[in-house]
Structure formats: structure tokens, C-alpha cells
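Please look at the sequence and the model before reading on.

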Amino acid sequence: GLRLYLRAKNNNEAIVFANSLQVFRHWLTYETEQVEAAMSAIRTITATNSFPPHIFARYIAARLYYAHIKGEAIDKITAEASKYYMASISRSGILSSDFELIVTEALILTNHYTEGREYIKKGRSRLSGTKKSAENENLFSFWEKMINSKRNTALKVILAPPKPNLNPVLSISPLTKRYYTLLNWVATFKTKSSNFSALIRETGF
């Protein structure tokens with residue numbers, strides 16, 4: 001699917017978007033060489049403030065996953081994310097929740113809970129009062145539960161999958177629920193090999 005996407009739209013934004021998803025996929029499956037290859041493709045592009053929020057967020061997320069593999073500090077990455085975020089707000093006044101959600105996901109999955117919490121606050125504060133606020137806040141609440149679970153459990157994390165009847169967003173699509181189950185396993189190190197592989201295939205990761 002990503003190859004077809006790149007053939008149809010082979011510009012800088014498409015290259016960053018497609019390869020950032022490959023970084024995420026191979027980070028999930030611990031395939032370091034493939035992560036390096038995808039990051040090499042991303043490095044050929046200069047990401048600018050003209051990029052849409054969801055693509056720039058994927059660019060930031062890819063760098064966070066790469067830094068996690070390399071054991072590198074993320075200060076420069078988060079500073080660049082913050083600079084883009086503030087510039088986008090001042091330019092348009094409105095951002096979708098995509099930027100905060102994507103960056104939050106990457107920060108929390110790479111164990112940067114304090115920074116992730118800040119992006120949750122930013123996202124929720126901007127969404128309050130909007131028509132789709134409740135749905136979007138449910139997406140942020142998934143990550144809040146994960147942070148709280150990490151904080152409240154000293155030695156072993158027990159994170160129950162979200163209940164569909166309490167979270168309308170997660171109950172919309174079976175594929176969405178499988179994706180969040182996959183993230184739960186990554187965060188809690190409960191990687192049942194057979195089920196984990198099946199979920200990766202089903203979700204595209």
C-alpha cells in the first residue's frame with residue numbers, strides 16, 4: 001500500500017510519511033536494519049513548517065523511535081516539535097488533534113511520560129468545546145490510562161484493554177481495537193508471539 005501511495009504521490013511529504021510509518025512498523029518488530037533504511041530515506045528530505053500537521057508529526061515520531069533504538073536524548077527532537085507546533089497555531093489558529101495524538105503516542109511508547117503528558121494537555125485543552133471533543137478526548141484518555149498505569153505500578157504494569165461500551169471511538173472499528181491491543185502489548189511487554197504477529201499483519205504494521 002505504501003509503495004502504491006509513493007508511486008501516486010512521489011513528493012517530499014509522501015516520502016516522509018511513508019517512511020515514517022515504516023520506521024514505526026520496524027521499531028515494533030525490532031528490525032533495526034529496516035529502521036535504519038527508512039530513516040535514511042527520511043534524512044534526504046528537509047521537513048519544513050509547510051508540512052501538514054499529521055505528516056510533520058509522523059516525522060517527529062520516526063525520529064523518536066529511532067532515538068529510542070539508539071539510546072539517544074530527545075531534547076532536540078522535542079524542541080523542533082514544539083517550534084513547529086507553536087508556529088502552526090500562530091499561523092492558522094487551529095490544528096486538528098492529529099499532531100498531538102501522533103507525538104503523544106511516540107513519546108509514551110518510548111517511555112517519555114512527562115513529555116507525553118504535556119502533549120495530552122495541549123490536545124485536550126484545544127479540543128474542549130469543539131463538536132467532536134468527547135470522541136477525541138477518548139483517544140487521549142487511552143494514553144492517560146497508560147501513563148497512570150505506569151506511574152501507579154512499581155514493578156509490573158497491568159493495563160486492561162479499553163472497554164468498547166465505555167469508549168465509542170475504540171468501538172467503531174475492529175481494526176482500531178486490534179491496533180490498541182497491539183499497543184497495549186508493546187507497552188506491557190506482553191508479546192504473545194503468534195498473536196502479536198497476526199495483529200501486525202492485520203493492522204498493516
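L107 is buried, its relative accessible area being 1%, which falls under the 20% limit for that class. The model is a predicted one.

**L107 and its surroundings**
- Helix α6 contains L107.
- Leaving out residues up to four places away in sequence, L107 touches L64, I74, T78, H112, E115, G116 and Y119.
- L107 and Y65 are 42 residues apart along the chain, and 8.5 Å separates their C-alpha atoms.

**The largest nonpolar core**
- This core has 51 residues, of which V23, F24, F56, I60, Y65, F99 and W143 touch the most other members.
- At least two core residues come from each of α2 (12–28), α3, α4, α5 (75–92), α6 (98–109), α7 (113–127), α8 (133–152) and α9 (174–188).
- Helix α4 gives the largest share, 11 residues.
- Apart from neighbours within four places in sequence, W143 has contacts with T104, E105, I108, L109, I120 and L183.

**Packing of α3 against α4**
- The axes of α3 (residues 32–43) and α4 (residues 53–70) lie 11 Å apart, at an angle of about 140°.
- The two helices, α3 and α4, are therefore oblique to each other, since an angle over 145 degrees would be needed to count as roughly antiparallel.
- Their crossing, that of α3 and α4, is left-handed.
- On the α3 side the contact involves T32, V35, E36, M39, I42 and R43, and on the α4 side Y59, A62, R63, Y66, I69 and K70.
- Sorted by class, this contact of α3 with α4 comprises seven nonpolar, one polar and four charged residues.

Notes:
Residues are numbered from 1 along each chain as its sequence is written. This is a predicted model: local features need pLDDT of at least 70, side-chain atom pairs count only at pLDDT 80 or more; totals for chains, interfaces and linings use all residues. Side-chain values use heavy atoms; hydrogens and water are left out. Axes are lines fitted to C-alpha atoms, for helices over the stretch in contact, and angles run from 0 to 180 degrees between N-to-C directions. Helices (H or I, at least four residues) and strands (E, at least two) are DSSP runs, numbered from the N terminus. Angles under 35 degrees count as roughly parallel, over 145 as roughly antiparallel, 65 to 115 as roughly perpendicular and the rest as oblique. A crossing is left-handed if the near helix is turned anticlockwise from the far one by less than a right angle, and right-handed if clockwise. Contact means heavy atoms within 4.5 Å. Ala, Val, Leu, Ile, Met, Phe, Trp, Tyr, Cys and Pro count as nonpolar, Asp, Glu, Lys and Arg as charged, and the others, Gly among them, as polar. A nonpolar core is a set of buried Ala, Val, Leu, Ile, Met, Phe, Trp, Tyr and Cys residues joined through side-chain atoms within 4.5 Å. Buried means under 20% relative accessible area, exposed over 50%, partly exposed in between (1.4 Å probe, protein chains only).
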